[in-house]
Amino acid sequence: MQTRRLGRTENQSSVVIFGSAAFWEIGQDEANAALELALESGINHIDVAPQYGQAEERVGAWLAPHRDEFFLGCKTLERERGAAWDELHVSLKKLNTEQFDLYQLHAVTSMDELNKAFASGGAIEALQQARDAGLTKYLGITGHGLDVPNVFIEALERFDFDTVMFPIYPALYANADYRQQTERLLEMCVARDVGVMIIKAVAKQGWGGREKVYNTWYEPYDMQDRINQSVRFALSQPGVTGIPSAGDTRILPMVINAVEQFTPMPADEQEALIADTGDLIPVFE
């Protein structure tokens with residue numbers, strides 16, 4: 001599998017990052033099979049969080065003999081220093097590791113959330129303490145929603161994060177404001193050598209009241225040709241290193257197949273794909 005440099009971390013991350021949000025509710029055997037597929041396919045980067053149901057326990061039960069083969073990124077949803085510090089240690093224990101490669105403020109979706117994390121006694125202090133103590137090598141920020149590009153631009157002005165993680169998919173780029181601010185953010189990340197990871201890459205639309213047939217909270221594409229297009233689109237944006245796989249293990253083989261066929265998407269093809277999304281139900285309102 002192709003790898004790309006994750007910004008200043010210098011890690012050569014696989015362009016597919018194993019998204020353990022797919023482990024919300026899953027048996028250990030099924031989780032092991034998905035992780036073995038990831039390993040065999042050349043995936044060398046795992047994304048996990050306490051909020052992903054059983055993910056930490058399932059990854060932790062499998063990871064120990066493979067720890068040196070993976071760049072491990074974890075997250076905290078806590079916004080106060082003490083709570084974030086405590087959660088970090090619980091995550092280390094569940095994942096059977098002594099150190100994260102990357103620890104991130106999770107789901108920072110608004111300026112209010114950012115301000116809470118950066119207030120005196122806020123979670124950013126726990127992240128800095130963890131890095132100083134050798135419990136993580138790098139620090140990042142993640143989030144989703146229409147305000148995230150603006151929030152992350154401000155976050156990078158306040159703190160020298162090593163990575164960012166946020167959504168890009170064609171229907172989002174049909175929103176002119178989101179696209180403009182995302183392009184600003186990507187330019188900033190390239191200039192500052194910040195690693196960029198893109199979530200929701202294979203998102204199609206919101207469920208819109210229809211029955212959910214996948215574990216993802218948005219409707220994903222589930223046809224190989226459409227996944228190929230979506231993956232090409234995300235990985236063709238400037239500065240992007242990789243995409244966490246979707247939150248359902250059934251989509252993983254198709255995402256792996258898509259990156260094996262990857263070629264950069266020309267600008268005119270990108271514009272056509274964006275224009276083709278106008279009738280889809282927005283994932284973010």
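**Helix packing and buried sites in a predicted model**

The structure is a predicted model, in which local features need pLDDT of at least 70 and side-chain atom pairs count only at pLDDT 80 or more, while totals for chains, interfaces and linings use all residues. Residues are numbered from 1 along each chain as its sequence is written, and side-chain values use heavy atoms, with hydrogens and water left out.

Two packed helices are described by the angle between their axes and the distance between the axes. For helix α9 (residues 224-235) and α10, the axes come within 9 Å and cross at roughly 60°; axes here are lines fitted to C-alpha atoms, for helices over the stretch in contact, and angles run from 0 to 180 degrees between N-to-C directions. Helix α9 is therefore oblique to α10, given that angles under 35 degrees count as roughly parallel, over 145 as roughly antiparallel, 65 to 115 as roughly perpendicular and the rest as oblique. Helices (H or I, at least four residues) and strands (E, at least two) are DSSP runs, numbered from the N terminus. On the α9 side the contact is made by Q224, I227, N228, V231 and L235, and on the α10 side by M254, V255, N257, A258 and V259, where contact means heavy atoms within 4.5 Å. By class, the contact of α9 with α10 has seven nonpolar, three polar and no charged residues. In this scheme Ala, Val, Leu, Ile, Met, Phe, Trp, Tyr, Cys and Pro count as nonpolar, Asp, Glu, Lys and Arg as charged, and the others, Gly among them, as polar.

A further pair is formed by helix α3 (residues 81-94) and helix α5 (residues 123-132), whose axes come within 7 Å and cross at roughly 45°. Helices α3 and α5 are therefore oblique to each other, and their crossing is right-handed. Helix α3 contributes R81, A84, W85 and L88 to the contact, and α5 contributes A123, E125, A126, Q129 and A130. Six nonpolar, one polar and two charged residues make up the contact of α3 with α5.

Next comes helix α6 (residues 148-158), in which V148, P149, V151, F152, I153, A155 and L156 are buried, meaning under 20% relative accessible area, with exposed over 50% and partly exposed in between (1.4 Å probe, protein chains only). These buried residues of α6 pack against α4 (111-118), β7 (136-142), β8 (163-167) and α8 (176-192). Strand β8 holds F166, which counts as buried at 0% relative accessibility. Not counting residues up to four places away in sequence, F166 touches G143, V148, F152, Y178, T182, L185, L186, V196, M197, I198 and I199.

Strand β2 (residues 12-14) contains S13, a buried residue with a relative accessible area of 0%. The side chain of S13 makes polar contacts with the side chain of N11, at 2.8 Å, and with that of H45, at 2.9 Å. A polar contact is a pair of N or O atoms within 3.5 Å; within protein, one must be able to donate a hydrogen and the other to accept it, and residues adjacent in sequence count only if both atoms are side-chain atoms. Leaving aside neighbours within four places in sequence, S13 is in contact with Q2, T3, R4, L6, N44, H45 and T241.

Several loop residues complete the picture. F262, in the loop between α10 (252-260) and α11 (267-275), counts as buried at 16% relative accessibility. Beyond four places in sequence, F262 touches Q2, R4, V231, R232, L235 and S236. T249 lies in the loop between β12 (240-244) and α10 and is buried at 19% relative accessibility. The contacts of T249, apart from neighbours within four places in sequence, are A22, F23, I26, E30 and A34.

Most residues other than glycine have a negative phi. E10, in the loop between β1 (3-5) and β2, has a positive phi near 70°. K200, in the loop between β9 (195-199) and β10 (203-205), also has a positive phi, near 65°, and is buried with a relative accessible area of 11%.

Terms used. Left-handed = near helix turned anticlockwise from the far one by under 90°.
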